2 protein chains.
Amino acid sequence: MEFKDAKNKFIQTWGALGSQWGINKTMAQIHALLMVSPEPLSMEDIMEELLISRGNASMNLRALMDWGIVYKEYKSGERKEFFTAEKDLDELAVKIAQERSKREIKPALRVLKDVSSIKGNETKETKHFVEQTSKLYDFVLKADNMIDKVTEFKDNWIGRLVMKIMK
Amino acid sequence: MEFKDAKNKFIQTWGALGSQWGINKTMAQIHALLMVSPEPLSMEDIMEELLISRGNASMNLRALMDWGIVYKEYKSGERKEFFTAEKDLDELAVKIAQERSKREIKPALRVLKDVSSIKGNETKETKHFVEQTSKLYDFVLKADNMIDKVTEFKDNWIGRLVMKIMK
DNA sequence: TTTTATTTTCAATTATTTTTGAAAGTTCAA
DNA sequence: TTGAACTTTCAAAAATAATTGAAAATAAAA
């Protein structure tokens, strides 16, 4: 395979994967492109490579920066802005996890807590409802906490041991 | 809050969460509804509760069964089919993880492996590309393996210990 | 200040995904 | 068999999401 083809295939695949996980295709593609670019790219560069409009590039770069996984850079002498991606994969994973937790999981947890605490008539339906949503609350809370724990976990000895066991 | 409101809020929230994670809203809602129903529901029941068409209900129930998280049941004397959701949350999580791994991660891994093994000219660009995609391959592979490991992991002593440490 | 380069915004358009509903397909009791 | 009860399929419609492009905004240079 040619480099050009490989690069393209990578960008397309990453974009498709992103959209299956609720991240817009272009956003994932821009990120993919920046990941494999040894040098920072300008908006112009990105538009050209991905064949997208200026508006699209601008909006998705903003979104990526909001996620904290793409950074703006300035080159001396150059007027325009350049962009680089977070390339440390552990850091990337943590950032994504934290952001999704903040935006999606935490609000869902609040709702779960609310709905699982309804009081009143003790029909089979309500009892089962409270039981299920409570369990779900505990489960999601535990899963969410795990994300917070992963960072520190990676750094301590038992964590590294477990990581090894996990292959 | 009234039970009826709580139930509705739960279903809406679950649906919204689903769509943020690449699962169609109705599919997530049907699953939510079945999760909190103490008794199996018929397609008719589901259509009524969620105000959706027969076709929609049929297709999304099929999808949920393909994911292995909703089961068809028959009641003696009744001609129509009834449905229940997987209610064991560990089981649910494992099934979802396995299915997403199979459908999305594994194919992406294959591509990563391919594109990271291009040979030829050793420009800065290609070297960086190979380096990054190789790292990504290793990382995604490790993450994917973790999913496979979680099931067995939960059941052995060190796993339980670590789970405790993780809170 | 004025001009020029660059980025952002957002209404309108386009693309994608989901949903509908009715016809076709199944299944089973009579 | 036939026909009633029920489910599936899928083309068309509706809903949702992404993208464009040009005008407005911003920022640096002249």
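The model is predicted, so local features need pLDDT of at least 70, side-chain atom pairs count only at pLDDT 80 or more, and totals for chains, interfaces and linings use all residues. Residues are numbered from 1 along each chain as its sequence is written, chains are lettered from A and ligands numbered from 1 in the order in which they are written, and side-chain values use heavy atoms, with hydrogens and water left out.

Start with DNA strand D. It has 18 residues around it. Here a residue counts as near a strand if one of its heavy atoms lies within 4 Å of it.

A:Thr26 places a polar side-chain atom 2.8 Å from a phosphate oxygen of DNA strand D. The side chain of A:Asn56 has an N or O atom 3.2 Å from a phosphate oxygen of DNA strand D.

Next, find the helices (DSSP runs of H or I, at least four residues, numbered from the N terminus). α4 (54-66) of chain A and α4 (54-66) of chain B each supply at least two residues of the surface near DNA strand D. α4(B) gives the most, with five residues. By class, this surface has four nonpolar, seven polar and seven charged residues. Nonpolar means Ala, Val, Leu, Ile, Met, Phe, Trp, Tyr, Cys and Pro; charged means Asp, Glu, Lys and Arg; the others, Gly among them, are polar.

Turn to DNA strand C. It is surrounded by 18 residues, and A:Ser58, A:Arg79, B:Thr26, B:Ser53 and B:Arg79 are the closest. Of its atoms within 4 Å of the protein, 59% belong to sugar or phosphate, and the rest to bases. A polar side-chain atom of A:Ser58 sits 3.0 Å from a phosphate oxygen of DNA strand C. A:Glu81 uses its backbone: an N or O atom there lies 3.1 Å from a phosphate oxygen of DNA strand C.

Terms used: Polar contact = N/O pair within 3.5 Å; in protein donor to acceptor, adjacent residues only side chain to side chain.
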